[in-house]
Amino acid sequence: MSQLHTRAAYARLDPAHVFDGLFVPTSGIARETLKNGRRVRPRLLVEPRDFGGVQIGYQGYEQLGADDQSVLLAVAAQLGINGQVIDANPPGPVAQQLRTAMDFRDGQGQPLDRGERLVSRRTSLRSLLIDAGYRDVDGGNAFACIRASLNRLRNAQIRERDNHGWDRACNLISAEFNEETREVHVAANPRLTASIFSGQNIQVSLYERNELESEAGKILHAWLCSHVRLGENLGNGNGAHLDTLAPHVWGPWHGRASTKVKSVRRGLLRAALAEIDDRTRRLHGGYGWVIDQTAAGLVMVSRPKTLPRIGAHFPRPSDYAAAVEVCWGRT
């Protein structure tokens with residue numbers, strides 16, 4: 001097994017993976033405590049919506065949060081670096097297990113596999129921790145958190161219904177990890193695989209995201225990346241109102257929140273926008289995302305023309321070379 005010191009600069013992500021409500025701030029929403037003391041999030045349910053002629057929705061045992069989105073972005077970024085393609089009938093046992101775990105199903109829950117290719121990668125929990133932006137990458141709690149995120153992601157399903165009669169669901173990712181070595185084998189669903197290599201995708205800078213600390217800031221940043229192209233402006237220069245941005249962070253059910261909750265969220269949005277504006281500046285040599293907010297709630301947003309370079313985040317090559325250890329290998 002060879003080793004390579006590297007760090008992914010950005011993740012290519014399918015735009016459908018930033019649907020409103022798929023990832024939301026989860027602090028304070030846990031509603032039940034189990035006997036072992038673990039807090040349980042509400043169930044994930046994102047109603048289907050039309051996306052390029054395909055109805056796409058999501059469901060899962062637990063709502064996905066900003067922490068899970070960070071892990072998915074880290075996975076997508078690493079899969080784009082020498083990821084290994086898994087065909088319909090892979091020869092290796094690990095690849096077979098990853099494909100089986102993707103659990104293709106039709107609308108009635110019956111097995112369905114049309115032979116799409118998946119992309120997989122052999123990596124490590126530590127590597128994913130760093131690319132996901134965890135500060136303490138050696139703490140036991142950090143490893144527990146990323147294992148929990150991987151479990152939530154592999155238990156969440158994406159469902160598609162197209163105009164040709166296909167109705168199917170499969171897991172967002174499939175993953176296997178070794179508790180002792182912390183080695184991870186991970187594979188992405190066919191839609192995400194296509195976006196990473198050849199399909200429509202958005203580019204989310206991990207350097208920018210990992211400078212952010214708030215849940216609202218991280219989720220909003222990912223949404224902005226999906227709706228503002230490099231060098232362009234939100235709403236073709238017309239901007240957007242805070243109340244328009246809120247559902248993109250807290251989900252389509254934000255409209256049912258109380259007046260008090262909405263007021264609090266406006267404050268969190270203002271802080272998140274200021275955080276994005278402030279924290280990304282040094283990554284772009286003083287010119288990051290430019291965000292102007294008015295007292296009336298109108299927000300003007302422009303995106304830098306380029307993604308930040310690796311040297312902007314780690315000034316010396318030895319800094320990032322020593323920071324990450326990624327284990328490569330074929331499945």
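User: This is a predicted model. What is the relative accessible area of R182, and how do I read it?

Analyst: The relative accessible area of R182 is 33%, so R182 counts as partly exposed. The cut-offs are under 20% for buried and over 50% for exposed. R182 sits in the loop between β12 (173–177) and β13.

User: What is phi of R182 near?

Analyst: The general idea: most residues other than glycine have a negative phi. In this model, phi of R182 is near 60°, a positive value.

User: Which loop holds N236, and what is its phi near?

Analyst: N236 lies in the loop between α7 (215–227) and β15 (240–241). Phi of N236 is near 55°, again positive in a residue other than glycine. With 76% relative accessibility, N236 counts as exposed.

User: How do I read a pair of aromatic rings, and how many aromatic pairs are there?

Analyst: Two values describe such a pair: the distance of the centres and the angle of the planes. Here the count is 2 aromatic pairs. The ring centres of F19 and F51 are 5.5 Å apart and the planes stand at 70°, so this pair is edge-to-face. F19 is in the loop between β2 and β3 (32–33) and F51 is in strand β5 (residues 44–51), so the pair ties together parts 32 residues apart in sequence. F19 is buried, at 4% relative accessibility, and F51 is buried at 17%.

User: How do the rings of F19 and Y58 pair?

Analyst: The pair of F19 and Y58 is edge-to-face, with 6.2 Å centre to centre and 90° between the planes. Y58 belongs to strand β6 (residues 54–60), so this pair ties together parts 39 residues apart in sequence.

User: At what angle do helices α1 and α4 cross?

Analyst: Angles of 65 to 115 degrees count as roughly perpendicular. The axes of α1 (residues 66–79) and α4 (residues 140–155) cross at roughly 85° and come within 9 Å, so the two helices are roughly perpendicular to each other. On α1 the contact is made by D67, D68, V71 and L72, and on α4 by I146, S149, L150, R152 and L153. By class, this contact of α1 with α4 has 5 nonpolar, 1 polar and 3 charged residues.

User: Which residues of helix α5 are buried, and what do they pack against?

Analyst: In α5 (residues 190–197), the buried residues are P190, L192, T193, S195 and I196. They pack against β2 (10–13), α1, β9 (118–124), β11 (167–171) and β13 (183–188). At the start of α5, a side-chain oxygen of N189 comes to within 3.0 Å of the backbone nitrogen of R191.

How values were computed
Residues are numbered from 1 along each chain as its sequence is written. This is a predicted model: local features need pLDDT of at least 70, side-chain atom pairs count only at pLDDT 80 or more; totals for chains, interfaces and linings use all residues. Side-chain values use heavy atoms; hydrogens and water are left out. Axes are lines fitted to C-alpha atoms, for helices over the stretch in contact, and angles run from 0 to 180 degrees between N-to-C directions. Helices (H or I, at least four residues) and strands (E, at least two) are DSSP runs, numbered from the N terminus. Angles under 35 degrees count as roughly parallel, over 145 as roughly antiparallel, 65 to 115 as roughly perpendicular and the rest as oblique. Contact means heavy atoms within 4.5 Å. Ala, Val, Leu, Ile, Met, Phe, Trp, Tyr, Cys and Pro count as nonpolar, Asp, Glu, Lys and Arg as charged, and the others, Gly among them, as polar. Buried means under 20% relative accessible area, exposed over 50%, partly exposed in between (1.4 Å probe, protein chains only). A polar contact is a pair of N or O atoms within 3.5 Å; within protein, one must be able to donate a hydrogen and the other to accept it, and residues adjacent in sequence count only if both atoms are side-chain atoms. Rings of Phe, Tyr and Trp (its six-membered ring) pair if their centres lie within 6.5 Å; planes under 30 degrees apart count as stacked, over 60 as edge-to-face and the rest as tilted.
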